[in-house]
Amino acid sequence: MGKLVVSENVCLDGGVQDPIGEDGSDRGGWFTQLTPEDYQAWGKVEYDEALGADTLLLGRRTDHFFARSWNTREGEWAQRLRELPKYVVSSTLDETEWIGGTVLRGDVVEEAARLKRQYERDIVVYGSTQLARTLVDHGLVDEVRLTVHPFVLGGGEHVFDGVAQRASLRMVSAGTIGTSLVHLVYEVV
């Protein structure tokens, strides 16, 4: 059975709003402030995560976001992400934008449970905070991986805003990435 993993970039206060600064938020653009060394170290962690995955599970907005830069990006990491099958939860899309995607139109809880039965290794959810919250609420998430960025947004959207049920987690590992990032891995118990 596959392991459903929520993998998120967050600020110290759990903020996730407008990481690239494309939404015009006064709190946006924090992800783009990584030093080149931190970005390179973060990229290694993310590449290793992609190597350990069987598939990706995404929301519609995350599919759109990734497709713009990863469909044409060069390198082993980009190639690995393109090779992975991607499942995109959407009631409005006819097809995915990111290469190798399949639109899931059915009940998201049933579809995620089916993917867990279908795959043997990690099913990674990047971004897709609304989807991640639904999966947490229905007890489908097995692991949460957070890369914590050294910023406090003080408002806006946060990674687990609106989760209906409390989830208990156990720390699996904690470490630094580069000089400014912290990588936390929790198992859902």
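Student: Leaving aside neighbours within four places in sequence, with which residues is Pro-85 in contact?

Tutor: Pro-85 is in contact with Asp-54, Thr-55, Leu-56, Gly-100 and Tyr-119. Please keep in mind that this is a predicted model. Pro-85 itself is found in the loop between α3 and β3.

Student: How far apart are the C-alpha atoms of Pro-85 and Thr-102?

Tutor: They are separated by 7.8 Å, although the two residues are 17 places apart along the chain.

Student: How should I picture the side chains along a strand?

Tutor: As a general idea, the side chains of a regular strand alternate between the two faces of the sheet. For a case of strand pairing, consider β2, which pairs with β3 in the parallel sense over four bridges. In β3, Val-88 is the bridge partner of Leu-58, and Val-89 stands opposite Gly-59. Strand β2 also runs parallel to β5, to which three bridges join it; there, Leu-56 has Val-124 as its bridge partner.

Student: How many residues of β2 are buried?

Tutor: Seven of the seven are buried, so β2 is largely enclosed by the rest of the structure.

Student: How do β7 and β8 pair, in the parallel or the antiparallel sense?

Tutor: Strand β7 (residues 169-177) and strand β8 (residues 181-188) pair in the antiparallel sense, over eight bridges. The two form a hairpin with three residues between them. In the turn, Gly-178 has a positive phi of about 60°. Ile-177 stands opposite Leu-181 in β8.

Student: Which residues have the most contacts inside the largest nonpolar core?

Tutor: They are Leu-56, Trp-70, Leu-81, Trp-98 and Tyr-126, in a core of 26 residues. The elements that give two or more residues to this core are β1 (3-11), α1 (36-51), β2 (53-59), α2 (60-70), α3 (76-83) and β5 (122-126). Apart from this core lies another, of 24 residues, including Leu-104, Leu-131, Leu-135 and Leu-184.

Student: What does Trp-98 touch, not counting residues up to four places away in sequence?

Tutor: Among the residues that Trp-98 touches are Leu-56, Leu-58, Phe-66, Trp-70, Leu-81 and Lys-86. The charged end of Lys-86 sits over the ring of Trp-98, 5.0 Å from its centre. In another case of this kind, Arg-73 lies over the face of Trp-70, at 4.0 Å from the ring centre.

Student: How is a pair of aromatic rings described?

Tutor: The description uses the distance of the centres and the angle of the planes. Rings pair if their centres lie within 6.5 Å, and planes over 60 degrees apart count as edge-to-face. By this rule the count comes to nine aromatic pairs. The rings of Phe-31 and Tyr-39 have centres 6.3 Å apart and planes at 80°, so this pair is edge-to-face. Phe-31 is buried, with a relative accessible area of 12%, whereas Tyr-39 is partly exposed, at 34%. Together with Trp-42, Trp-70 and Trp-77, these two residues form one aromatic cluster.

Student: Where do Tyr-87 and Tyr-119 lie?

Tutor: These two form an edge-to-face pair, 6.2 Å centre to centre with 65° between the planes. Tyr-87 lies in strand β3 (residues 86-89) and Tyr-119 in the loop between α4 (108-118) and β5, so the pair ties together parts that are 32 residues apart in sequence. Both residues are buried.

Technical notes. Residues are numbered from 1 along each chain as its sequence is written. This is a predicted model: local features need pLDDT of at least 70, side-chain atom pairs count only at pLDDT 80 or more; totals for chains, interfaces and linings use all residues. Side-chain values use heavy atoms; hydrogens and water are left out. A nonpolar core is a set of buried Ala, Val, Leu, Ile, Met, Phe, Trp, Tyr and Cys residues joined through side-chain atoms within 4.5 Å. Buried means under 20% relative accessible area, exposed over 50%, partly exposed in between (1.4 Å probe, protein chains only). Contact means heavy atoms within 4.5 Å. Two strands pair if DSSP finds at least two bridges between them. Rings of Phe, Tyr and Trp (its six-membered ring) pair if their centres lie within 6.5 Å; planes under 30 degrees apart count as stacked, over 60 as edge-to-face and the rest as tilted. A charge sits over a ring if NZ of Lys or CZ of Arg is within 6 Å of the ring centre and within 35 degrees of the ring normal.
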